[in-house]
Amino acid sequence: MTTTAEPAVIASQPNETGYREYTLGQFHFRRDEYFAYITWPTGSHMMSVDSFLRAMQRDIAWDFFYGTVNFDGVFGTVNHYGKVDIFAGRYNDAYRKAELDYSETVETPLIRETFSSILDDWTNETFDPFASPHETGSAFGIKNGDNSKAVSRERVTAQRMVGLPGDAPLRSDENGYPVNRMLADVDQEEPLVEVEEGFEGEVSSFNLFAYLSRSDVTWNPSVASACKDSLFCPTTEEYILPIIHGNDRVEWFIQLSDEITWEVEDRDTGAVRARVVMKAGDVSAMPADIRHQGYSPKRSMLLVWENANPDLPDLIASGKTPTYPIDF
Amino acid sequence: MTTTAEPAVIASQPNETGYREYTLGQFHFRRDEYFAYITWPTGSHMMSVDSFLRAMQRDIAWDFFYGTVNFDGVFGTVNHYGKVDIFAGRYNDAYRKAELDYSETVETPLIRETFSSILDDWTNETFDPFASPHETGSAFGIKNGDNSKAVSRERVTAQRMVGLPGDAPLRSDENGYPVNRMLADVDQEEPLVEVEEGFEGEVSSFNLFAYLSRSDVTWNPSVASACKDSLFCPTTEEYILPIIHGNDRVEWFIQLSDEITWEVEDRDTGAVRARVVMKAGDVSAMPADIRHQGYSPKRSMLLVWENANPDLPDLIASGKTPTYPIDF
Amino acid sequence: MGVSAIKGKEKSSYVTRFGSLENYEKGGVEIVNDDPRHYAFSNVFEVASNAKPYEKIAVGKNMEYVLEAIRAEGTSEWRTAAHDEFALVMDGEVEITLVKLDQSPLPADAEGSVALAGEPVGRRMGRVVARRGHMTLLPAGAAYRFSAERPGVILQQTIAGPDTQFRWAEIAQSL
Amino acid sequence: MGVSAIKGKEKSSYVTRFGSLENYEKGGVEIVNDDPRHYAFSNVFEVASNAKPYEKIAVGKNMEYVLEAIRAEGTSEWRTAAHDEFALVMDGEVEITLVKLDQSPLPADAEGSVALAGEPVGRRMGRVVARRGHMTLLPAGAAYRFSAERPGVILQQTIAGPDTQFRWAEIAQSL
Ligand SMILES: [Fe+3]
Ligand SMILES: [Fe+3]
């Protein structure tokens, strides 16, 4: 093991399949042609490297998101906003009962750098972990170039609203966001906006649906508007959400177009709790004690609505705030 | 719904993605570009159609095999050797506790014909559900030709031993079985066999490893030799077993080459029980009350050893025979 | 085999399905082991179909924050809030007029919007005509008014205020 | 992008790893919630490494049926069974000689093989020289004898007989 130029990231030289191996705390990460291998002091785990990279891409792009990012039923991360838990078996009843679950807390910059290095090194030029299966090549095989451009896309985070002067820009053919093939029929006309002198930064409206039709990624909620801690995080979805998201607070979904089915499981045990079918105009809460994975047969527009209040995880974990949003 | 030419198979005309929909008992099957949809009186389920077809291919090729073929954690079949249960949620704790699990018993010929029709209609010309990911195209998209040749491959069932006169033939370039790319280094020389006159049908030996190196399918145990009910069912494995096999008797694995990792879960609840790492020469039993799924990083040779005694499922289900093979 | 053969064939064109007051389908929660009320499942078109013009009916609530489904029909009263709000048109065409209030009736930390009595006093900021999918900033300290010739639907991102209506038992799936 | 780019790049050649007496690696059972003895995990090369020539050590058992790991070294005794058996050479080179017995010492329904005293009486059937991966029929009613110049390993598919040895505590993983 040698330390690469990036401070603190512990990576090996390329192994016989051309990929580096990584160490983070007591976790070790390795890939070959088909699989990612994760080991920790009490066990080890294999995942299809395709699934692993798609999950890793979301975990990094979301900067570990709200709550738990389950790569699958065994491995994942829990965000503590400054620190991150890396875990194996923590949300798997069998591992917990056997006391074989393992978890380590690391500083966010360290895991961010390490995970980014893994994603970059393990992604070949033919694969885009942000894309839908129809839009990309295979993740498999030996090391074959890279796709740094794809894996380093920045997540959009509007401060106030997309399209305001100085805020996140609109998307167009010109700045590299063509309309997605499955959303080609979405009206591209922008709203009529008449601004009186002096109010250029305040009178603002944009075509959110057109903006979403030009999204080049799937399953990547990105902030489009912020009312204090209330964040609209719309995203386009196609095929299967590459992670199982475990909530640390209530989150809401508003289906803007087409249809998504959500498989909802207990956050801690993985036992099935519900199945939520959402069609355009449907609104549903996701309780704070579940985890969910979505299935979208056609590229669809989903509005994920988050409350970024940093006190929420503690309020919910301590029982001061219920795990569901409304009593009625 | 209309009845097609095949007696008893209930199929619709092609839907808007070009695929037929099927009804079997109270189960209904539909696919679109990405997903297979299964509905039954108490619920419904979606699977990636890629996974669904790979599982369906095994279920048919094995004629429903020994015990349970779980397509995933929800849907599958249980073989009763003449009849077959089709189930949803039966081996899923959450579904069972909620009494939402559902199961129907059908005659083997009916499910055989129906499942074969589904597999044939839903497989496009670019996809081979028996092949490894490196060897085939995508299962996704709208209807686009067919691959009847691939999906109707017959499973090999030697009566006595492969290579005997009148029994299952050896494989060669000439009869359409080239050596697999990942087993190209396997010695192809056949054993020296000297037969005295009159014993042509009894003095027989063949190169099993060469035979396996020419397998054109993955995860398809096929009978190579039979000592009464003791059946050697070798197979070549690459990537992930497309089903989770639930045993109704003890089965044994002998790793002939390379390495496979088995994830072993409780047959009824799906809770993790063990992880078995097998390298060349390793032998392991699989108890009669588990289910397992294998991961093979390189195409490997696995000998599955079965006991075809038809009394076993009842002996084990009734507790007269233990679920594990040996007390020591 | 060409690349497209390897990757599967796609349709030559796709239809994106949006909802509208006239035409929406509703999904729902299928329970295995939970209470459907924990999901507060509703549909903005259904809510707006059954609403009076410009009623602010919460279809989402996360602590103090709400999402309101609003039936746009005719001209609304003038409203203002001490914080930014956002109006996403889900159906129809809505004209939004903005006036910078000389004096807000609200303290700086007030949450939610309030109605103004009569016409707003201040400088005209501008006007937006928004159709389906268009999202408009309703800036803090401005007065705004909606106007729609034909019935439409607005989804408003805001904080619960005195006029936010909570009618969960009426709008949300309970079995 | 060409087809190979879409599908990922493969190595130009692969090495298939077999085991041998000289060189084998052993995996194992990692338990989460079970007893490792339920898996009776062993390795045929390890078993044969520690065996005397032609000991028949069960490495698999399913009711009456067994898999025996046999260390082939020198010349074995003559054996016969009333049913077919199969010998798969896992390492080395083994000569198998077959003789059709004029009179089998076994009833037709006998299970497992027995040793013959001295040379078999009957017609010579033939001879096989089998190396790694080669599988040979040991036909019902024939006498057979193994011979190996250097140590090798046979995996035999048969039924438990009087000479099958069960040494699970010695060969199988128990923790
Ligand atoms: Fe989520
Ligand atoms: Fe199996």
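**Figure 1. Where chain A meets chain C.** In this contact, 74 residues of chain A touch 71 residues of chain C. Keep in mind as you look around that this is a predicted model. The size of an interface is often given as the accessible area lost when the parts come together. For chain A and chain C, that buried area is about 6,300 Å², and carbon and sulfur atoms give 58% of it.

Figure 2. One to look for pairs the side chains of C:Asp34 and A:Arg273, with 2.9 Å from N to O. Strand β18 of chain A (residues 272-279) supplies the largest share of the side of chain A that touches chain C, namely eight residues. Sorted by class, that side of chain A has 43 nonpolar, 12 polar and 19 charged residues. If you look for polar contacts between chain A and chain C, the count is 39 residue pairs, both residues being at pLDDT 80 or more.

**Figure 3. Chain A against chain D.** Here 16 residues come from chain A and 11 residues from chain D. Together the two chains bury about 1,100 Å², with carbon and sulfur atoms giving 55%. Which residues of chain A lose the most area to chain D? They are A:Glu33, A:Thr126 and A:Ile142, which together make up 37% of what that side buries.

**Figure 4. A salt bridge between chain A and chain D.** The count of salt bridges between these two chains is one. You'll find the side chains of A:Glu16 and D:Lys11 meeting in a salt bridge, 3.6 Å from N to O. The side of chain A that touches chain D splits into six nonpolar, seven polar and three charged residues. Across the interface of chain A and chain D there are also three residue pairs in polar contact, with both residues at pLDDT 80 or more.

**Figure 5. The iron ion (ligand 1) in chain A.** What holds on to this metal from the protein side? The donors are ND1 of A:His245, OE of A:Glu251 and NE2 of A:His292, at 2.0 to 2.2 Å from the iron ion. Read along the chain, these donors follow the spacing H-x5-E-x40-H. A:Glu251 and A:His292 link distant parts of the chain, sitting 41 residues apart. A:Glu251 belongs to strand β16 (residues 251-255), while A:His292 belongs to strand β20 (residues 290-307). Both A:Glu251 and A:His292 are buried.

**Figure 6. The iron ion (ligand 2) in chain B.** Now hop over to chain B, where B:His245 (ND1), B:Glu251 (OE) and B:His292 (NE2) coordinate the iron ion at 2.0 to 2.2 Å. The spacing of these donor residues in sequence is H-x5-E-x40-H. Is B:His245 buried or exposed? B:His245 counts as buried because its relative accessible area is 2%, under the 20% cut-off. B:Glu251 is buried too, with a relative accessible area of 2%.

**Figure 7. A:Thr236 and its neighbours.** A:Thr236 is part of strand β14 of chain A (residues 230-240). With a relative accessible area of 0%, A:Thr236 is buried. Leaving aside residues up to four places away in sequence, A:Thr236 touches several others, among them A:Leu183, A:Leu212, A:Val217, A:Trp219 and A:Arg299. A:Ser215 is also one of the residues touched, and its side chain makes a polar contact with the side chain of A:Thr236 at 3.3 Å.

Conventions: Residues are numbered from 1 along each chain as its sequence is written. Chains are lettered from A and ligands numbered from 1 in the order in which they are written. This is a predicted model: local features need pLDDT of at least 70, side-chain atom pairs count only at pLDDT 80 or more; totals for chains, interfaces and linings use all residues. Side-chain values use heavy atoms; hydrogens and water are left out. Donors are N, O and S atoms within 2.8 Å of the metal (3.2 Å for Na, K and Ca); water is not among the atoms, so sites may look incomplete. Helices (H or I, at least four residues) and strands (E, at least two) are DSSP runs, numbered from the N terminus. Buried means under 20% relative accessible area, exposed over 50%, partly exposed in between (1.4 Å probe, protein chains only). Contact means heavy atoms within 4.5 Å. Buried area is the accessible area (1.4 Å probe) that two parts lose on being put together, summed over both. A salt bridge is a side-chain nitrogen of Lys or Arg within 4 Å of a carboxyl oxygen of Asp or Glu. A polar contact is a pair of N or O atoms within 3.5 Å; within protein, one must be able to donate a hydrogen and the other to accept it, and residues adjacent in sequence count only if both atoms are side-chain atoms. Ala, Val, Leu, Ile, Met, Phe, Trp, Tyr, Cys and Pro count as nonpolar, Asp, Glu, Lys and Arg as charged, and the others, Gly among them, as polar.
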